[in-house]
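Please open the structure in a viewer and keep the sequence panel at hand.

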Amino acid sequence: MKPRLRFAPSPTGYLHIGGVRTALYNWLWARKTGGAFVLRIEDTDQERSTPESVRVILDSMKWLGLLWDEGPEVGGANGPYTQMERLAIYAEFARKLVDERRAYRCYCTKEELEQQRAALKARDPKATFKYPGTCRNRTTHPDQPFVVRFIAPESGQLTYTDKVFGEITTPNSAQQDFVLLRSDGVPLYNFGAVVDDIAMGITLVSRGRDHMVNTPPQILLYEALGRRPPEFAHLPMMLAPNGEKLSKRHGAVSVGEYRDQGYAPAAVLNYLARFGWSHGDQEVFSIDELVGAFDWEHCNRSDGKFDAKKFLAIDHEHLKTERLVPTAEYVRCLLPFLEKRGLSGLDAARVAAAIPMIRERATTFVDAADRLDFVFRDVLVVDPAAAAKFLVPANADRLVELAKVVEGVEAWDAPAIEAAVEAWLQRAGLSIKEVAQPARVALTGRTASPGLFDVIAALGRERAAARLRAGAGAVVA
RNA sequence: GGCCCCAUCGUCUAGCGGUUAGGACACCGGCCUCUCACGUCGGUAACACGGGUUCAAUUCCCGUUGGGGUCGCCA
């Protein structure tokens, strides 16, 4: 039977990079095995869930290329895929559990429990408050709000085999009569997830290690419901460099931020896949390679620390490699960033032609747009410090001479330009070192740029000559 | 504190009883060079500790220490 996996985020903000990793592992396995990848929105926390966040999650997933077989927008046979639209289903399952004496109505109020919890903590700050089972054997049913609690076993133990952590055994004494349904009928996490995973036929649940503690109660629920639990595969956590939980205060943590910083989607996936999983010594993967190589056996069990520099290096690697980011894709990704700089209405072919000279240099699309800015901008922006240093009187004549040489080049390509310039340097008894930097500043406005001849070729004969002359003129002005 | 999990260079990791403990990022040198990059050559750098098991432990077992997760009518 083909496996069915899911990613079930709660729409309470941006899509966290750690969440993307669990989504990715699920997606990879579904793709590799020909199984199904289901996206489910767990919006039962009405305080924090927002429609905007759902939008962000969907857009982020699409940008990454983590498309779902069933879920919001695409539908499917097991919908709806948003929990708040499934309330009737949870009610039905809860009713069944109560009828079969596997769960009961609890009329204790939140305030009462809060008070008990506080009292216990006051006596012993480290004690664990467990619901005392006050309503467990209650026979009267007052006309008051109630929650539905599960009847948890008090002795024995529960063992399951995790696909990455192996055999995990937990004593049932660690469990308590946890709440299934709130007084308003909205399910709590464990119940909602189990009911939906059953209803949606999920066969393998992979999620962060922070959920490992939820697995025993969930398995108990499957048993009470007469269902065989799915397989579980927990993933180690992605921590901040200082070992803390990775959050906003450690820098960019959302998919949107990396998209805005000009990262390639495949590079994001590559970095995340390699975090906690390995395939021998291979560091760089295309998405197809990831799908082909992914397995649970090589998933690590220890937490890791996010490394922004390595992430950047992986992105750089992708941008450098035609196989990973084909030129057409490069152009498509780069265009928006050029537009953001005010360089709009550019011809795709023209942009494609300029890419080779910055390909190995640019680490992100934002970086690429910055490096290519001089090619597409009509009025050059010149770095004052660079001008002060290189556009000086001593260089004026040379720039004018170079302009003439450039205008005289016959065939217009970098090698031809280089040949013409070299010939002139010979005649004039000059070295390229004496001319390159002044020319570079005149042509690009900066002291760092692609190779001089590529720059001239990209600008075109007239524009290159004009800028060189302007550079010479800037000296006088 | 209870329950659960983890432990190889600074970081991500390879390793599945016998290796000069390998790779990548980062860092430091050399080369290349019109700048910046790229590339290339080399270098610094790790098996947390203590017991076992074994002819032999980074590898298997136990403990210690350290780190993490979780203890809600959040997810």
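Begin by selecting Glu 73, which sits in the loop that runs between helix 2 and helix 3. The model is a predicted one. The phi of Glu 73 is positive, near 75°, in a residue that is not glycine. Is Glu 73 buried or exposed? With 53% relative accessibility, Glu 73 counts as exposed, because the cut-off for that class is over 50%.

Remain in this loop and select Pro 80, which is found between helix 2 (51-64) and helix 3 (87-99). Display the backbone of Gly 79 and Pro 80: the peptide bond joining them is cis, with omega about -5°.

Next, select Arg 101, in the loop between helix 3 and strand 3 (103-106). Arg 101 is not a glycine, yet its phi is positive, at about 60°. The relative accessible area of Arg 101 is 64%, and the residue is exposed.

Now turn to the cysteines. Select Cys 135 together with Cys 108. How many disulfides does the model contain? The count is zero. Cys 135 takes part in no disulfide, and the nearest cysteine sulfur, belonging to Cys 108, lies 3.6 Å away; a disulfide would require the two sulfur atoms to be within 2.5 Å. Cys 135 is buried, at 2% relative accessible area. Cys 299 may be selected as well; it too is buried, with a value of 3%.

From there, move to Asp 303, placed in the loop between helix 9 (287-293) and strand 11 (304-305). Asp 303 is partly exposed, its relative accessible area being 32%. Leaving aside residues up to four places away in sequence, Asp 303 touches Arg 209, Pro 236, Met 237 and Leu 239. Select Phe 275 also: its C-alpha atom is 9.4 Å from that of Asp 303, although 28 residues separate the two along the chain.

Color its buried residues, namely Leu 452, Phe 453, Val 455, Ile 456 and Leu 459. They span an arc of only 155° around the axis and therefore lie on the same side of helix 19. Gly 460 follows helix 19 and has a positive phi, near 95°.

Two packed helices are described by the angle between their axes and the distance between the axes. On the helix 18 side, Ile 432, Ala 436, Ala 439, Arg 440, Leu 443 and Thr 444 meet Leu 452, Phe 453, Val 455, Ile 456 and Leu 459 of helix 19. The residues of this contact comprise nine nonpolar, one polar and one charged.

Finally, display helix 17 (residues 414-428), which packs with helix 19 at an angle of about 115°, the axes being 8 Å apart. The crossing of helix 17 and helix 19 is right-handed. Ala 414, Ile 417, Glu 418 and Val 421 of helix 17 make the contact with Phe 453, Asp 454, Ile 456 and Ala 457 of helix 19. The residues of this contact divide into six nonpolar, no polar and two charged.

Conventions: Residues are numbered from 1 along each chain as its sequence is written. Chains are lettered from A and ligands numbered from 1 in the order in which they are written. This is a predicted model: local features need pLDDT of at least 70, side-chain atom pairs count only at pLDDT 80 or more; totals for chains, interfaces and linings use all residues. Side-chain values use heavy atoms; hydrogens and water are left out. Buried means under 20% relative accessible area, exposed over 50%, partly exposed in between (1.4 Å probe, protein chains only). Helices (H or I, at least four residues) and strands (E, at least two) are DSSP runs, numbered from the N terminus. The arc is that of the directions from the helix axis to the C-beta atoms. Contact means heavy atoms within 4.5 Å. Ala, Val, Leu, Ile, Met, Phe, Trp, Tyr, Cys and Pro count as nonpolar, Asp, Glu, Lys and Arg as charged, and the others, Gly among them, as polar. Axes are lines fitted to C-alpha atoms, for helices over the stretch in contact, and angles run from 0 to 180 degrees between N-to-C directions. A crossing is left-handed if the near helix is turned anticlockwise from the far one by less than a right angle, and right-handed if clockwise.
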